[in-house]
Every structure is written in structure tokens, then in C-alpha cells.
Amino acid sequence: MLDDRARSLLKTLVERYIADGQPVGSRTLSRASGLDLSPATIRNVMADLEELGLIASPHTSAGRVPTARGYRLFVDTMLTVRPLSELEPASQELVAARDLMHEQLREQLHPDQPQRVIAQAASLLSSLSSYVGVVSAPRKAGVFHHIEFLRLGERRVLVILVSPDGDVQNRVVFTAHDHSVAELAEATHHVNAHYAGLALEEVRERLKSEVDALRGEIAALMQAAVEAGSEAVGDSAEQVVISGERNLLGVQDFGQDMGSLRRLFDLFEQKTQLMRLLDVSSRAEGVRIFIGGESQVVPYEQLSVVTAPYEVDGRIVGTLGVIGPTRMPYERMIQIVDITARLVGHALSYK
């Protein structure tokens, strides 16, 4: 555990480094902390912090910079996010942006146009943060309106799933036994009569208790249909909108390291790792901060991600966030992400 003096100096060091981007020396800490400590005492505390892995000394400077562990302690225990009304005037643009976007979404967007909503949200995140905005598309609820089984050949069946909004998904499933056209027609009728309009997860749960009462071939086809439907929903959900990648070219922390930039742009190009990160974020409430170097969730040491899930009618349907350097103004990023998540949820909920 850190004592109050060490915590105060670490907090000051992180804040000064975020603001200036330069390693922080003991003389700067002495002036900025407001503590009546001698330079020798401050150097001793900094040595202790370095031994704990909270700060590090670059080879080119006698000053110190925060490590991933130091940033984590800072954001978890030392960062207080104030209400918008208490922020300095320079940050009041967040209030104006919130109100402007709220009106634009009310007047121009409709819940049946989620792509427009998330594209505007990604752009807003990027412009307000000056970093990269990222938004995962709303996940579909996994409800089918109509299902049909068609025989393709021996032990091969085409499953056609039609969602309530008319979206059609096709999946080929391989069955343990061959099914005749008549059996498939019977299964189609049974499923649509008893399960249409239910979420796939609800169907899955009902099958656990009803499978013994169903004829073997219908039960097998039902289970295959649920798995195929879940895969189809999963495939359609893997969509992410990114805005502002070029902003990173102007970030001091990346500008001199072309290798880091290439890895970052590979991340944006592939999107798979981004989707995993956003999926992890959607399982928690509120804003989350991922700091590079802590784990494989964010494998780039110079990178931090601030995310929040957004909800429609009380259900989490997607995630959004800001991607930037670890040396980012976290309080401001939290405000930007939190406001945007609320706005997107409201926009997609308008009837």
C-alpha cells in the first residue's frame, strides 16, 4: 500500500506527464505537488515508486514516466470524474456537442437506420477526442419470424431463417439421418406453429425440457436450426465502424515510431481483435478503461482504450469507445464516451 505522500506524488506525476508529454523530474514534482518536501525526499519516494513498477526512467532523461501499472492505479483510485457542469470552460464543448447531437439524432435519425447512428457516433467520438472513435454495430436479438427446412441431398438440409424485419439468413446443416421432404415439411410447420417469434436463446431453453416429447427427427432439426441461427446472428454482429485513424499520425507518442503505427493500423484493418475487445467491454456496466501492456486484451504498450456499452430498451446491444495513447486525458475521455453511449442508446430507442 502507498502512503498518502507517495499517492499524491504519483498522482501529480501522472497528471503532469499527461499534460506535458515530458518525463517528470523531482524539481517539477516539488513545485506541482504543493507538498513541503525536499528534493532528496521526493527522489527517495520516486525510487520507491519505480521499485514498485509504477513509474520508469527513460534512458534519455532523469525524469520519470508512468508505467501501465502506474496508469492503472491512477485511473482506478485517483481519478475523479466530475459532472459536466463542474468542468472547466474549455470542456464545456462537450455539453454543446451533446445537446447538438441529441437534436440532430431526434430530427434526422430513426431506430430503423442504425448504420447512420453508429457512423455519426464514431465520427463524434473521433472529433471530440482527437483520437480514434470505434463503435460496434447493434447486435440483433436473434429472433426468427419464420423458418424453413429444405432437403439438399442425403443428410444435407438448408435452414432458412427470416427475422421479423425481413432479414434472411441461410445455413446448410448436416444431419445424423437422412430426412424426406415430408419430414422436413412437418418439422417446418411444427417449428413455425410453436416457436416463431421467440428469441433463439429462449428456444434453446425450451428444447431442453421439451426434447423428450418431440419426435426424434423434429428435435434434431430444431437443435440444428437453433445452432445455425445463433451462428448467423453472430456473423452479422461482427461489424465495427472506425473513424479518425489518421489522428494517430499527429500523436507525439506514435509519430516517431513507424513500427507502432503499422501495428495499430493492422489492428484497425483486421478488426477481429477490436471486436474481441468491444465484446469484453459489453459484459460490464459503465465506462471501462483498458491500458496497453496490462494484458493481451490491449497488446500495445502505448495504447489505451476507453469504452462503454450502449443500451436500447434496457438491453445492451453494442459498445463504443475511444482509442488513443496511454498518455490521454482520461477524465475527458470518460465524459466523451459516456455521453456518446447515452446518445446512441437514445437515438436507437426513438419510436
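**Salt bridges, cores and a charged patch**

Arg151 and Asp178 form a salt bridge in which the closest N and O atoms are 2.8 Å apart. Because Arg151 lies in strand E4 (residues 146-153) and Asp178 in the loop between strand E6 (168-174) and helix H7 (181-194), the pair ties together parts that are 27 residues apart in sequence. The model is a predicted one, and a search of the whole structure finds six salt bridges.

**Salt bridges**
- Of the two partners named above, Arg151 is partly exposed at 38% relative accessibility, and Asp178 is likewise partly exposed, at 36%.
- Glu15 forms a salt bridge with Lys11, with 2.6 Å between the closest N and O atoms, and the two are separated by about one helical turn because they stand four residues apart in helix H1 (residues 4-20).
- Asp76 forms a salt bridge with Arg72, the closest N and O atoms being 3.0 Å apart, and both residues belong to helix H4 (residues 68-77), four residues apart.
- Arg72 counts as buried, since its relative accessibility is 19% and the limit for buried is under 20%.

**Nonpolar cores**
- The largest nonpolar core holds 71 residues, of which Phe268, Tyr310 and Tyr330 touch the most other members.
- Helix H13 (residues 330-349) gives this core its largest share, nine residues.
- A second, separate core has 16 residues, among them Ile147, Leu198, Val203 and Val226.

**Surface charge**
- Asp3, Asp4, Asp48 and Glu51 gather in a patch of negative charge on the surface.

Conventions: Residues numbered from 1 in each chain as written. Predicted model: local features only at pLDDT ≥ 70, side-chain atom pairs only at ≥ 80, totals over all residues. Heavy atoms only, no water. Patch = residues over 30% accessible without salt bridge, like charges linked within 9 Å, V, L, I, M, F, W, Y side chains within 5 Å. Areas by Shrake-Rupley, 256 points an atom, 1.4 Å probe, with all protein chains shown as cover. Salt bridge = Lys/Arg side-chain N within 4 Å of Asp/Glu carboxyl O. Lys, Arg positive; Asp, Glu negative; His and termini not counted. Charge placed at Lys NZ, Arg CZ, Asp CG, Glu CD. Core = buried A, V, L, I, M, F, W, Y, C linked by side-chain atoms within 4.5 Å. Buried < 20%, exposed > 50% of the residue type's maximum accessible area, 1.4 Å probe, protein only.
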